Amino acid sequence: MSGQDAYVTALSDAGGVASAGGKGANLGELVRGGFPVPDGFVVTTGAYDRFVADNDLSDRAAALAAEGDTTSAADGGTTAIGALFEEATFPRELAAAITEAYAALGEGPVAVRSSATAEDLPGASFAGQQDTYLNIVGADDVLDAVRRCWASLWTPRAVAYRAHRADAIAGTSAGGPGTTDAAADTANDRLSIAVVVQRLVPADVSGVLFTANPATGRRDETVITAAWGLGESVVGGRVEPDEYVVRPSVDGPQVTVRVGDKQVMTVPTEAGADEIATPDDRRHERTLTDPQALDLAALGARVAAHFGVPQDIEWVLHDGGFQLVQARPITALPEPTGEVPTSWPVPRRGSLYFRASIVEQLPDPLSPLFADLARTAVPRGLNGLMGELSPKATALDADFPTINGYAFYDYSRTAFLGMLSLSPGLLKVIGEKGFVLDRWRDRELPRYRATVARWADRDPAALTAAELVHGIQDLVDAGCLYYTTVQTIIPVASMAELTWTTLYDRALRRRGDAAATDYLLGFNSTPIAVEKSLARLASWCRTAGLTDALLSPDTDPLAAEPPAGANAAAWAGWRERLDAHLAAYGHTTYNLDIINPVPAEDPTPVLQALRYQLGGTAPDPVVRQQRLAERREHLTRDLLGRLDPARRALARHRLTSAQRWAPIREDALAAMGLAWPTIRRLALEAGHRLTDAGALAGPDEVFWLTLAELIDLGARAEAGETLPSQAAVIAERRATWRGQAQATPPQYLPESRAMKAWESFLPAKEQASGPVLAGTTGSGGRVTGHARVLRGPADFAAFVPGEILVASITTPAYTPLFAQAAGVVTDIGGVLSHGSIVAREFGIPAVLGTGAATKRIATGDLITVDGVAGEVRLEGAPEAAEEKRSGRPVLVAGAVVAASIGLALAVRARRHRRR
C-alpha cells in the first residue's frame with residue numbers, strides 16, 4: 001500500500017509528522033533530497049491507531065501510564081502496558097501489509113525504529129524515549145518488534161518526558177521539510193506513533209554528527225562522535241567515542257581529534273544486537289581519517305542546508321561509504337560561544353593591574369563601545385581628582401584597558417609608588433572638616449546633574465552624528481569624574497564604620513550585647529527611599545481598585561489603555577505615578593556598562609517588586625525602619641548610659657560619625673547612574689540611524705561597535721551612504737563575549753608574592769572547588785534555602801520570594817529584590833559595599849566577595865548562607881581535597897587601589913586592626 005493514509009508506505013513516499021512520525025518524516029525528506037539513506041518503509045500512525053482501536057488499548061494504556069505503569073508480576077517484570085500490547089490481537093490486514101513490505105526489502109536483517117509524532121521536532125527531540133530494535137530477521141520477529149515499538153510510546157520514561165517537555169512541543173510551529181503537518185499534540189489521548197523499518201547496514205563505524213557545536217553553539221563548527229560497530233552504544237552513551245571537530249581556518253577546514261577509550265561496541269548477534277568488549281588493539285585506534293571526517297562534515301552541511309536548521313544526524317560507515325539513518329533538528333542549541341580564556345596576558349610589561357573600585361560595578365566583559373569610552377574617561381577622572389587633591393601630583397601613568405574583555409586598572413610601577421608617596425598629604429586634605437561632604441553635595445553632584453540636564457534637554461533626533469557621539473563621550477566622562485567623588489566618600493564612610501566597630505568590639509561590647517552594625521540601622525538612604533516609594537505606589541493601587549488588574553498575568557502594566565474592567569481615570573493615575581517613580585529612581589544601574597538598560601527603560605524588575613507589595617506578604621518598609629530606629633536608639637541610650645564620661649564622649653563621637661556616613665555613601669553611589677538613561681538614548685538614536693542605513697540589524701547592536709566604528713559609520717550614514725552590514729563582526733564579538741563571560745578574571749596581575757599581599761584589600765576571592773565558598777561577612781544571620789542566580793535584570797521576573805539571591809554584584813537597582821530575598825550572595829563586594837549595608841537594613845544574611853558564586857552555584861541549588869562566618873555552604877557538594885578556607889572579612893571596600901585616597905585608608909585601616 002502507499003499514500004499518506006495507508007498503513008504502510010515506502011520511505012521515499014513518507015508523509016509528514018502526523019503520518020510518519022518525526023523520524024520517518026525526516027528520513028523521507030532525506031531520501032527525496034537525494035541523500036544516502038538505507039532503503040526501508042514506514043508503518044504509519046494509521047496502523048497504530050487501527051491496532052489500539054481494535055484492541056481498546058488507548059484508554060487502558062493512558063490509565064496505566066497515569067498510575068506509573070506498574071510491572072506485571074505474572075509476566076516476569078514486563079511492564080503492564082507492554083503486557084497489554086503483547087496480549088492484543090494483530091489485525092490480519094495490518095500484519096499482511098507489514099509482511100509484504102518486509103518481503104519487498106529482501107527479508108534480510110532490518111532495524112526497526114520508533115517514530116512518534118512528538119519526536120525529532122525543533123522544540124524537543126525526545127531522543128531515546130521510544131525503542132529501537134536492531135538486526136531483526138523474519139516476518140514474525142518484525143511484527144513483534146513493531147508491536148514493542150508501539151508499546152514504547154507508553155513507557156513511564158516516555159510519558160514523563162512528554163509531560164516535562166510539553167511547553168517546548170506546544171511552541172513548535174509547523175513549517176520546513178520534515179516538520180510539516182504541525183508539531184504533534186502531546187496529550188496522551190491524542191498521541192500516535194509510526195515505525196520505521198530499514199535494511200540494517202553492517203556498520204564498520206557509526207556515530208552522531210552535529211552540524212553546529214552543541215556545547216558552544218558555534219554554527220561554523222561540526223562535531224562528530226564515532227565508535228566501532230553499530231551506533232547504539234554511541235547514542236545510548238555507553239561508550240566513550242572518538243570526537244572530531246571540524247572548524248574553518250584561513251587554510252581551509254581543519255580537523256581536531258580526541259581519541260576515546262572505546263571499551264565496548266555494538267554488533268549484530270543471533271538475538272538481535274548486543275554489546276561486546278572492543279578488541280584491545282582497536283580501543284585507542286582512530287575510527288575515521290581526516291579526509292573521512294571532512295567528507296562526513298560536508299555531507300552534514302548539505303543536510304543542514306536542506307532542512308534550513310542545524311541538524312543532529314546519526315550515520316554509519318560501511319565499505320568506505322556513509323549512509324544516514326536519522327536526522328533531526330538540534331534542540332536547545334546555545335548562542336554561539338567563543339573559547340573560554342585560560343591565560344591573562346597583560347597589555348604592557350612592568351605595570352600592575354587591579355580589579356577594584358569602579359570595576360566592582362563592571363562584573364562582566366565590557367561591550368566594545370563602553371570599553372573604548374571608559375578607557376579614556378576613567379583615567380581622566382582619576383587624574384582630575386589627584387590634581388585637585390595634591391598640588392604635587394602630575395599626570396598618572398595609568399590606563400583602563402580590558403584583558404579578555406574584563407576591565408582592569410593599569411598603573412605603571414612609577415605611578416603606583418607615586419600614589420603611595422602622596423598618601424600622607426592626601427589623608428590630610430580629605431581629613432579637613434567638611435571637605436568630602438561639601439565637595440560632593442555642593443559642587444560635584446550639582447555639576448554632574450547640570451551636565452546630564454544639558455544633554456537630556458536636547459532632542460536626540462535633532463543632533464548630528466558627531467553631536468550624538470560628543471554627547472555620549474561627555475556624559476560618560478561626567479559619570480566617571482563623578483565616580484571619583486564617590487571614591488572620596490567610600491573610604492571616609494568605611495573608616496568611620498571600621499573605627500566605630502573596632503572601638504565597640506574591643507572596648508565597649510559585653511558578652512551577649514548587640515552587634516556594632518545594629519547601632520547603624522534605621523536611617524534614610526536612597527535604597528530605602530526606593531522601597532518606600534514602591535510601597536506608597538502599591539498602597540495607592542489598592543485604594544484605586546487596580547490590584548487584581550496589576551496582578552493578572554494577562555495585563556500589560558505599561559499599556560496606555562486600561563485593561564478590561566479597570567477604571568480609565570485610575571489607570572491614567574497609575575501610569576502617571578509609575579512614570580514619576582521611574583523619573584526619580586529609574587537611573588539606578590544594574591551594571592555600569594551602557595549596553596545594559598536601566599529601570600527607566602525596562603521597568604520589569606520594578607513591576608515585579610510592585611506586584612510583591614500588592615500580594616500582601618511584603619513587609620511594610622516604614623514599620624521595619626521604625627522598628628530598627630527604635631531599637632538603635634534604645635541600644636544607644638543603654639550603651640552611653642553605662643559608660644564613664646571619657647569613654648562616653650569617644651563612643652558618641654565615633655558612633656555619630658559612622659551613623660552619618662553610611663547613608664551618604666548610599667546616596668552618592670545611587671546617583672552614579674544619573675547620566676545613563678540619556679547616554680543610552682543618544683546611543684540608540686545613533687543605532688536607529690545605522691539600522692536605517694543597513695549597517696545594523698537593530699538599534700541595540702550599536703553597543704557592539706567600537707568608538708572609531710561608530711564615528712565612521714555615523715558620518716557615512718549622515719552623508720547618505722548605504723552601509724555594509726556589520727552582522728558578521730557583531731556576531732563574532734558576541735560569541736567572543738559569551739566565552740569570556742564564562743571565565744573568572746583574576747583580581748590582580750601579574751601574579752607574584754608582592755602582589756599577593758594586596759589580596760585582602762580586593763573585592764573578591766578566587767575559589768574553584770570545595771563545598772564552602774569563603775567570602776566577606778556582609779550581614780549577620782544564617783539561612784538555608786534554594787538559590788536564584790541572577791545574571792541581570794532579565795532574570796528578575798523569575799525570582800521567587802524566599803529564595804537566596806546570587807549575583808555577581810548588587811547595585812542600588814537590585815534593592816527591590818532584597819525585600820523578597822532570604823539571603824544574598826555575591827561574587828564581588830565587601831563588608832561596606834552596597835549589598836552589605838542594604839542587607840542589614842532588611843535583616844537578611846549576606847556573604848559577599850566569594851569570587852565565583854555565580855559560577856559554582858546554579859538556580860535551584862540548596863545552599864546555606866552564614867553571614868556571621870562569611871561562608872556559603874553548597875549543600876550536597878563533595879568535600880574538597882584541600883583544606884577549607886574560612887571567611888576572612890575584607891575590611892576595606894571601594895577605592896582601595898583606584899585612587900591613593902582609598903589606598904592610604906586601606907593601609908591605615910589594616911594597621912588599625914592589628915593594634
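## Helix H5

The buried residues of H5 are Leu94, Ala95, Ala97, Ile98, Ala101 and Tyr102. Seen down the axis of H5, these buried residues fall within an arc of 165°, so they line one face of the helix; the arc is that of the directions from the helix axis to the C-beta atoms. An α-helix has 3.6 residues a turn, so residues three or four places apart point the same way.

Helix H5 covers residues 92-104, has 13 residues and reaches 18 Å from its first C-alpha to its last, close to the 18 Å expected at 1.5 Å a residue. The expected span is 1.5 Å times one less than the number of residues. Helices (H or I, at least four residues) and strands (E, at least two) are DSSP runs, numbered from the N terminus. The partners against which the buried residues of H5 pack include strand S1 (8-10), strand S2 (40-43), H2 and H6, contact meaning heavy atoms within 4.5 Å. Just after H5, Gly106 takes a positive phi of about 105°.

## Basis of the model

The model is predicted: local features need pLDDT of at least 70, side-chain atom pairs count only at pLDDT 80 or more, and totals for chains, interfaces and linings use all residues. Residues are numbered from 1 along each chain as its sequence is written, and side-chain values use heavy atoms, with hydrogens and water left out.

## Aromatic rings

A search of the whole structure finds 21 aromatic pairs. Rings of Phe, Tyr and Trp (its six-membered ring) pair if their centres lie within 6.5 Å; planes under 30 degrees apart count as stacked, over 60 as edge-to-face and the rest as tilted. The ring centres of Phe51 and Trp150 are 4.8 Å apart and the planes stand at 40°, so this pair is tilted. Phe51 belongs to helix H2 (residues 45-54) and Trp150 to helix H6 (residues 139-151), so the pair ties together parts that are 99 residues apart in sequence. Phe51 is buried at 0% relative accessibility, and Trp150 is buried at 0%. Tyr48, Phe51, Phe85, Phe90 and Trp150 form one aromatic cluster.

Charged groups also meet rings. The charged end of Arg355 sits over the ring of Phe408, 5.7 Å from its centre, and that of Arg624 sits over the ring of Phe842, 4.1 Å from its centre. A charge sits over a ring if NZ of Lys or CZ of Arg is within 6 Å of the ring centre and within 35 degrees of the ring normal.

## Salt bridges

The whole structure holds 45 salt bridges, each a side-chain nitrogen of Lys or Arg within 4 Å of a carboxyl oxygen of Asp or Glu. In one of them, Arg218 pairs with Glu732, the closest N and O atoms being 3.4 Å apart. Arg218 lies in the loop between strand S6 (205-210) and strand S7 (222-228) and Glu732 in helix H24 (residues 727-741), so the pair ties together parts that are 514 residues apart in sequence. Arg218 is buried at 15% relative accessibility, whereas Glu732 is partly exposed at 39%.

Arg733 and Glu709 also meet in a salt bridge (2.8 Å, N to O). Salt bridges that share partners join Arg218, Asp220, Glu221, Arg247 and Glu732 into one network.

How values were computed: Buried means under 20% relative accessible area, exposed over 50%, partly exposed in between (1.4 Å probe, protein chains only).
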